[in-house]
Amino acid sequence: MKTIILCISLLLTLSLTAQEVEKDGKVYEVKKEKVYLDGKDVTETLSPETKKAILAEAALILEKQELEEKAEEEAKKLEKETKKAEKAKKKAEKAQKEAEKKLKKVQKALKEKQNAEEAVLKAQENLEEAQKKYERQKRKGKLSPNDEEKWLDKIDKLRDRLDSARKKLKKL
């Protein structure tokens, strides 16, 4: 949209190349090296010095307009480049945030896996320890039928915990 407006304004200024110059209280209009006063060509009736001064002033006005247009174009280009840079910056920030999220997710998964491995090891140690204790007391004959049943239940529960810990580790 801005480009269209810029093109229209450039075409409008190029088509209206007449320069209005004020000299001695009169407003002269200069078009293609001809001087007009109130719409009438007065180029031949002016003195050479006045004509030269009016044409020089018209040239200065035209040059000033061209410089302003160039400055405006440069400002628009700079604005466009700035917007592109901001867009690229936002895109980079978004990509960085996504990368950080992925990193956190991977770290969380790794931590969960480590915790699951530790849980398996701990469950295995508890089961082995309970089995050794049970076997030792059984050999010594210190277990009553009720105690033996309790130990077997305890060992079964520890096996279940070990199995569930292993399943959880496999899921990860």
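1. Buried means under 20% relative accessible area, exposed means over 50%, and partly exposed covers what lies in between, with a 1.4 Å probe and protein chains only. Val35 has a relative accessible area of 0% and is therefore buried. This residue lies in strand E3 (residues 34-37); helices (H or I, at least four residues) and strands (E, at least two) are DSSP runs, numbered from the N terminus.

2. The model is predicted: local features need pLDDT of at least 70 and side-chain atom pairs count only at pLDDT 80 or more, whereas totals for chains, interfaces and linings use all residues. Residues are numbered from 1 along each chain as its sequence is written, and side-chain values use heavy atoms, with hydrogens and water left out.

3. The chain contains three helices and four strands. Their order from the N terminus is α-β-β-β-β-α-α. Of the 172 residues in the chain, 15% are buried. Contact means heavy atoms within 4.5 Å; among contacts in the chain with a separation of 6 or more, 51% come from residues 24 or more positions apart.

4. Not counting residues up to four places away in sequence, Val35 touches Tyr28, Glu29, Val30, Lys40, Asp41, Val42, Thr43, Leu46, Ile54 and Leu55. Of these, Ile54 and Leu55 are also listed among the buried residues of H2. The C-alpha atoms of Val35 and Gln19 are separated by 9.5 Å, the two residues being 16 residues apart along the chain.

5. The lengths of two helices can be checked against expectation, which is 1.5 Å times one less than the number of residues. The 93 residues of H2 should span 138 Å, and the 136 Å between its end C-alpha atoms agrees. Gly141 follows H2 and has a positive phi, near 75°.

6. How are H2 and H3 placed relative to each other? Their axes come within 9 Å and cross at roughly 160°; axes are lines fitted to C-alpha atoms, for helices over the stretch in contact, and angles run from 0 to 180 degrees between N-to-C directions. The two helices are therefore roughly antiparallel, the term for angles over 145 degrees. The crossing is left-handed, meaning that the near helix is turned anticlockwise from the far one by less than a right angle.

7. The buried residues of H3 are Trp151, Ile155, Leu158, Leu162 and Ala165, and helix H2 (48-140) is included in what covers them. In H2, the buried residues include Ala116, Val120, Ala123, Leu127, Ala130 and Tyr134. Leaving aside neighbours within four places in sequence, Leu162 is in contact with Val120, Ala123, Gln124 and Leu127.

8. A nonpolar core is a set of buried Ala, Val, Leu, Ile, Met, Phe, Trp, Tyr and Cys residues joined through side-chain atoms within 4.5 Å. The largest has 11 residues, among them Val120, Leu127, Leu143, Trp151 and Leu162. H2 and H3 are the elements that give two or more residues to this core. A second, separate core of 10 residues includes Tyr28, Leu37, Val42 and Ala58.

9. Glu148 lies in helix H3 and counts as partly exposed, at 27% relative accessibility. Tyr134, Lys138 and Leu143 touch Glu148, residues up to four places away in sequence not being counted. Between Glu148 and Gln137, 11 residues apart along the chain, the C-alpha separation is 9.3 Å.

Definitions and conventions
Parallel < 35°, antiparallel > 145°, perpendicular 65-115°, else oblique.
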